[in-house]
Amino acid sequence: MLPTAELHVHVEGTLEPELLVRLAARNDVALPTTDVAALRARYRFTSLQSFLDIYYANLAVLRTAEDFHELAGAYLARAAAAGVRRAELFFDPQTHLRNGVPLAAVFDGLGAALAESPISADLILCFLRDLGPEAAEETLRAALPFRERFIGVGLDSAEVGFPPSLFRDVYRMAAAEGLHRVAHAGEEAGPDYVWEALDVLEVERIDHGIRAMEDGNLVRRLRAERMPLTVCPLSNVSLRAVDTLADHVLPAMLDEGLVVCVNSDDPAYFGGYVDDNYRAVARELGLDDAALRTLATNSFDACFAPPEQRERWKAELSGEAN
Ligand code: ADE
Ligand code: ZN
């Protein structure tokens, strides 16, 4: 597997059914079934919302710092084995606060996993767009005592009807704190959401962004600004954003010269980790070795690690060619 950075993975989306069942038993939380195969069989989605309903329900099993520590530790070990050198992990504090889990438990657990991580890793705090801008601002204020424990903010959850422009003020607050800014846009909603993420939120990366390909002016802007797009091919198939992997716009994005990289999004739900996504696009989209190397190089260019470190990873990647 090529060395890569993974820049679009929700730590909550790495909750495998086996750990889900174990945590449910430990914390006395009821599940619809404790049969792992039956749990997996429920992971057939018709839209983003149909996934989010199951995903949020499952997260009721996360109660203590130790739970978050185990969750993130398992992902980081799996990622290291897959060739990931750098991971920037999304997490959704509002989900856990809603479940009665204090922010300190979330930060302590995730922080403990990062402290013993076999790879370079940092956290990006995501706002749930369907809870609105005031809740996002309240969440950021509550997280500021933990400012040193995360490097940026993101925007996720139900997309259509919750445009980026609603979140202008909270992104300004984040910028004033020196936080990086990314946002999900153009996953289910159209190119207008990508424009807003760029113009109003002043993001440094677009998460998904596949529907940007419907707007030629937007594609030109993304190329001119070398704006990274963190694409998640298996996720897009699972959530029916595309019909089949063979229909995916990833090759067209590469042909347009966009800084696109490949990621897993919620690997426990969508049939694979980042290495599985690389293998799937190689197989189903006919991407050759040079294209896969471009994707991996883009991932390092797009990550928020220090420039010297990014260059070392890229040198390692080009050394692999020889
Ligand atoms: N939360 C977890 N995965 C997500 C996705 N693919 N889109 C929006 N919100 C999410
Ligand atoms: Zn996502």
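This is a predicted model: local features need pLDDT of at least 70, side-chain atom pairs count only at pLDDT 80 or more; totals for chains, interfaces and linings use all residues.
Modeller: Residues are numbered from 1 along each chain as its sequence is written, chains are lettered from A and ligands numbered from 1 in the order written, and side-chain values use heavy atoms, without hydrogens and water.

Colleague: What makes a space a cavity?

Modeller: On a 1 Å grid over the protein atoms alone, a cavity is a set of points where a 1.4 Å probe fits but cannot get out. The structure holds 1 cavity of 30 Å³ or more. The largest cavity has about 110 Å³ of space; a volume is the space filled by probe spheres set on the points, joined across faces, edges and corners.

Colleague: Which residues lie nearest the centre of the largest cavity?

Modeller: His-10, Leu-48, Leu-52, Asp-156 and Ser-157, out of 13 lining residues. A lining residue has an atom within 4 Å of a point.

Colleague: What space does ligand 1 take?

Modeller: Ligand 1 takes the largest cavity. The test is that more than half of a molecule's atoms lie within 2 Å of the grid points.

Colleague: Why is the pair between Asp-266 and ligand 1 called a polar contact?

Modeller: A polar contact is a pair of N or O atoms within 3.5 Å. A polar side-chain atom of Asp-266 lies 2.7 Å from a nitrogen atom of ligand 1, so the pair counts. A backbone N or O atom of Ser-157 lies 2.8 Å from a ligand 1 nitrogen.

Notes
On a 1 Å grid over the protein atoms alone, a cavity is a set of points where a 1.4 Å probe fits but cannot get out, and a pocket is an open set with protein on both sides within 12 Å along at least five of seven lines; lining residues have an atom within 4 Å of a point. A polar contact is a pair of N or O atoms within 3.5 Å; within protein, one must be able to donate a hydrogen and the other to accept it, and residues adjacent in sequence count only if both atoms are side-chain atoms.
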